[in-house]
Amino acid sequence: MEMAFHHDSPLLLRINTRGAHHMGGDEAENQRWPPWLKPLLATSFFGQCKMHADAHKCECNMYCLDCVSGALCSQCLAYHHGHHAIQIRRSSYHDVIRVSEIQKVLDITGVQTYIINSARVVFLNERPQPRPGKGVTNTCEVCERSLLDTFRFCSLGCKIVGTSGEFRGRKKHAAGMKRKLKKPTTGAVASDSDDSSTITSGGSEKSSVVQSFTPCTPPATATANSYRSAKRRKGIPHRSPFGSLMLDF
């Protein structure tokens, strides 16, 4: 049995609207970045080229933005004549690219740049820190690495993640949960009031416990006797040897 829908059917319009909205969101997210960027960030560089293993320079540190075919060595570039190829460099075991190369094909606004070997570069992927240094006022919005105050991200990969709609939604939700945890709940206030009433009702019982730690006040007679004994002289007083001496003039 075949079911036919009229072109103005509300059900068909609702299905098309939902599908278009879903595809539009995915397309907008994908079109924000060039198609070669995410494969570039997922590529492993500085390995030995399998095709040119016998060559003098067979280190794979090149990448073709037109073919998006993985890491290439300098010998492989002969097969990519006229293509847009970029060179990947390394700093402290992390992949970097020169700003002069990448800014021609990609907007790197908000990504912190570094000067390495007299050249300004940006890192491809995140470099998390165990803990920010003392006095740090700005960190990467994704991996919390220490940054200068004018930047938001430490690498190209962190910018992709940090500007995505999903990440912003999760970050907003986490901030809301944090505010809820800081705000005292009604149950907590009620429990505090119950505790205070309990303390008040048991005041006589607790006061006796507290008084047991307080030293007792001595009686008045004992205090007077101890005062007189403290003022009493001890022993027989000795007069000065010259006290009875009479001087005649």
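**Terms and their grounds**

Guide: Strand β5 (residues 94–98) pairs with β7 in the antiparallel sense, over 3 bridges. The model is a predicted one, in which local features need pLDDT of at least 70 and side-chain atom pairs count only at pLDDT 80 or more, while totals for chains, interfaces and linings use all residues. Residues are numbered from 1 along each chain as its sequence is written, and side-chain values use heavy atoms, with hydrogens and water left out.

Visitor: What makes β5 and β7 a pair?
Guide: Two strands pair if DSSP finds at least two bridges between them; β5 and β7 have 3 bridges, so they pair. In β7, V122 is the bridge partner of I97. Strands themselves are DSSP runs of E of at least two residues, and helices are runs of H or I of at least four, numbered from the N terminus.

Visitor: How do you know that β6 pairs with β7?
Guide: Strand β6 (residues 114–116) is joined to β7 by 3 bridges, and the two run antiparallel. β6 and β7 form a hairpin with 2 residues between them, and N117 in the turn has a positive phi of about 55°.

Visitor: Why is β7 called largely enclosed?
Guide: Buried means under 20% relative accessible area, exposed means over 50%, and partly exposed lies in between (1.4 Å probe, protein chains only). In β7 (residues 119–123), 4 of the 5 residues are buried, so the rest of the structure largely encloses the strand.

Visitor: What makes Y114 and F123 an aromatic pair, and why is it called edge-to-face?
Guide: Rings of Phe, Tyr and Trp (its six-membered ring) pair if their centres lie within 6.5 Å; planes under 30 degrees apart count as stacked, over 60 as edge-to-face and the rest as tilted. The centres of Y114 and F123 are 5.2 Å apart and their planes are at 85°, so the pair is edge-to-face. Y114 counts as buried at 18% relative accessibility, and F123 is buried at 3%.

Visitor: How do you know that the charged end of R127 sits over the ring of F123?
Guide: A charge sits over a ring if NZ of Lys or CZ of Arg is within 6 Å of the ring centre and within 35 degrees of the ring normal. The charged end of R127 sits over the F123 ring, 3.6 Å from its centre. The charged end of R127 also sits over the ring of Y114, 5.2 Å from that centre.

Visitor: How many aromatic pairs are found in the whole structure?
Guide: The search finds 2 aromatic pairs. F45 and Y63 form an edge-to-face pair, with 6.1 Å centre to centre and 70° between the planes. F45 lies in the loop between α2 (37–41) and β1 (62–64) and Y63 in strand β1, so the pair ties together parts 18 residues apart in sequence.

Visitor: Why is H80 called buried?
Guide: The relative accessible area of H80 is 12%, under the 20% limit, so H80 is buried. H80 is placed in the loop between β2 (71–72) and β3 (85–87).

Visitor: What makes β2 and β3 edge strands?
Guide: The open sheet of 3 strands has the order β2-β1-β3, with antiparallel pairing. β2 and β3 each have a single partner strand, so one side of each is left without a neighbour in the sheet.
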